[in-house]
Amino acid sequence: MYVAYCWFHRPKWEGGEYEGDDEPRFEALQLAMELGAEYVDIELKVADKFIKFMSGKKPENCKLIVSSHNYDNTPSAEELASLLAQIQATGADIVKIATTATEIVDVSRMFQILVHCQEKQVPIIGLVMNDRGFISRVLCPKFGGYLTFGSLEKGKESAPSQPTAADLINVYNIRQIGPDTKVFGIIGNPVGHSKSPILHNEAFRSVGLNAVYVPFLVDDLAKFLSTYSSPDFAGFSCTIPHKEAAVRCCDEVDPIARDIGAVNTIIRKPDGKLVGYNTDYVGAISAIEDGIRATQQTHSTVSPLAGRLFVVIGAGGAGKALAYGAKEKGARVVIANRTFARAQELGNLIGGPALTLTELENYHPEEGMILANTTAIGMHPNVNETPLSKQALKSYAVVFDAVYTPKETRLLREAAECGATVVSGLEMFIRQAMGQFEHFTGMPAVDDKFRALSNSLDNPSAVKGDRSTSLKPRL
């Protein structure tokens, strides 16, 4: 259901642009009521003054939202409860509290207030602004929020990190989110570039699963996992820079993930224990193998990586997964990293030499080498960056880039121009996501279905029909 919403000139002292007197604002709001506006919003600081101005002239079909906006932080649960009581005391039809997240765990306090209000049957709009608070805008109906807001188009947001109405409906399926909806998501920093929410939400929808998948912008992984410990937060994808920390945060770790030293998938079991897996290594290695088989003559029973020199750029979680997988396939693995100590540490673990990126520029002991970039170099928005010069790429027969936004990175474009077989990170992304889906749901991931779903990654369908900017997912 869409809701018409009238909002006239938020004053500067409440984070808006209006600098005039209150009376013209009050007159505009009253006129909006008389013309049939379903909701008007007035700030707590002047709510009593506005109610006196109306003198009982508010139409019955118009709801008064009394709001408070905090652009600095999210207060404690006790302070939020006190603020809630102050707003209720004005006689508001609907309470609105908007705060700002300094870390993602701040949002949990807003969820507590929403649940409390739902139990007391108090209509409340409770949102937390900026990227770390983004989940509050999608998950509000799960915890009893009255409505959420979406912009008409990207770049037209009325508050920090407000999603578009199109994404709320088409990506997050917000109309179907309710108290029983299971929550999954991708933990990372940064995380806004990830296409995982598009793919996994489509996959959940295709099998009729009551679940939603959201981006979690996380600074402290252990703190996040202990805060969002409800069984409803059922599983997570884990990306840069948390894959190695995830090994320490899980109660149980799959032996392969422990050998790799990195976890990219976390499942919360019914007893609350966290189990870690790694689907990166299979996704990446199989993508590279298939890329080679498609363009080069190979032995049908032996991995095309066997015996070949395999250079991994990056010594983080993804680098460990690629190095482990390549070694398991019989490749001779070399680790290159900006920080040599990190490269050396991983090189010692897998029994291979270590290089700095500067040394890698002149490293060409043989022809036909394989290169795998596992760093974020070249990822949107830094699309003009590359971990290795075009001149250095001439020694490689195969080049893989784990970056998939954009699909064709500068590294892959220049490698192709040098005649190398290139393998996009999108292949790894799809394959590792299939593994995650199976862990999340217990259902088999069908390759053809996931590839069909991946067609929506660059162009989720636009909103059609009503173009209101506030959304009321459930009454």
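Start at V311, which stands opposite L371 in strand β16. This is a predicted model.

**Stop 1: strand β13**

Select residues 309–313, which form β13. Color the strand by burial. Five of its five residues are buried, so β13 is largely enclosed by the rest of the structure. Now check the two faces separately. In a regular strand the side chains alternate between the two faces of the sheet. Here L309, V311 and I313 lie on one side, F310 and V312 on the other, and all are buried. Both faces of β13 are therefore covered, each residue falling under the 20% relative accessible area that counts as buried.

Show residues 369–373, strand β16. Four bridges join β16 to β13, and the two run parallel. Then show residues 332–337, strand β14. β14 also runs parallel to β13, joined to it by five bridges. For a landmark on this pairing, pick F310, which stands opposite V333 in β14.

**Stop 2**

Zoom out. The contact between them takes 13 residues from domain 1 and 13 residues from domain 2.

How much area is buried between domain 1 and domain 2? About 1000 Å², with carbon and sulfur atoms giving 64% of it. On the domain 1 side, select H193, E244 and I260. These three supply 51% of the area that domain 1 buries against domain 2, more than any other three residues.

**Stop 2: the mixed sheet**

Select residues 186–266. In an unreviewed entry, UniProt lists them as "domain: Shikimate dehydrogenase substrate binding N-terminal". Over this stretch the chain is 38% helix and 25% strand. The end C-alpha atoms are 10 Å apart.

Now display the strands β7 to β12. Six strands form an open sheet, in the order β8-β7-β9-β11-β12-β10, with mixed pairing. Its edges are β8 (211–217) and β10 (252–253), each pairing on one side only.

Walk across part of this sheet:

- β9 (residues 233–238) and β11 (residues 265–268) run antiparallel, joined by three bridges. Pick S237 and find its bridge partner in β11, T265.
- Stay on T265 and turn to β12, where it stands opposite Y277. β11 and β12 pair in the antiparallel sense over four bridges.
- Follow the hairpin that β11 and β12 form, with five residues between them. In the turn, stop at G272, which has a positive phi of about 95°.
- β10 pairs with β12 (residues 274–277) in the parallel sense, over two bridges. V253 has G276 as its bridge partner in β12.

**Stop 3: helix α15 and its surroundings**

Select residues 410–417, helix α15. L411, L412, E414 and A415 are buried in this helix. The buried residues of α15 pack against β16, β17 and β18 (421–423). After the helix comes G419, with a positive phi near 95°.

From here, select N382 in the loop between β16 and β17 (396–401). Is N382 buried or partly exposed? Its relative accessible area is 40%, so N382 is partly exposed. Draw a C-alpha distance from N382 to T409: it comes to 9.9 Å, across 27 residues of sequence.

**Last view: the whole chain**

Show everything. The protein has 17 helices and 19 strands. Its C-alpha trace spans about 85 × 45 × 40 Å along the principal axes. Of the 475 residues, 56% count as buried. Among contacts with a separation of 6 or more, 67% are between residues 24 or more positions apart.

How values were computed
Residues numbered from 1 in each chain as written. Predicted model: local features only at pLDDT ≥ 70, side-chain atom pairs only at ≥ 80, totals over all residues. Heavy atoms only, no water. Buried < 20%, exposed > 50% of the residue type's maximum accessible area, 1.4 Å probe, protein only. Pairing = 2+ DSSP bridges. UniProt positions renumbered as here; feature names shortened; annotations may be inferred. Contact = heavy atoms within 4.5 Å. Buried area = accessible area lost by both parts, 1.4 Å probe.
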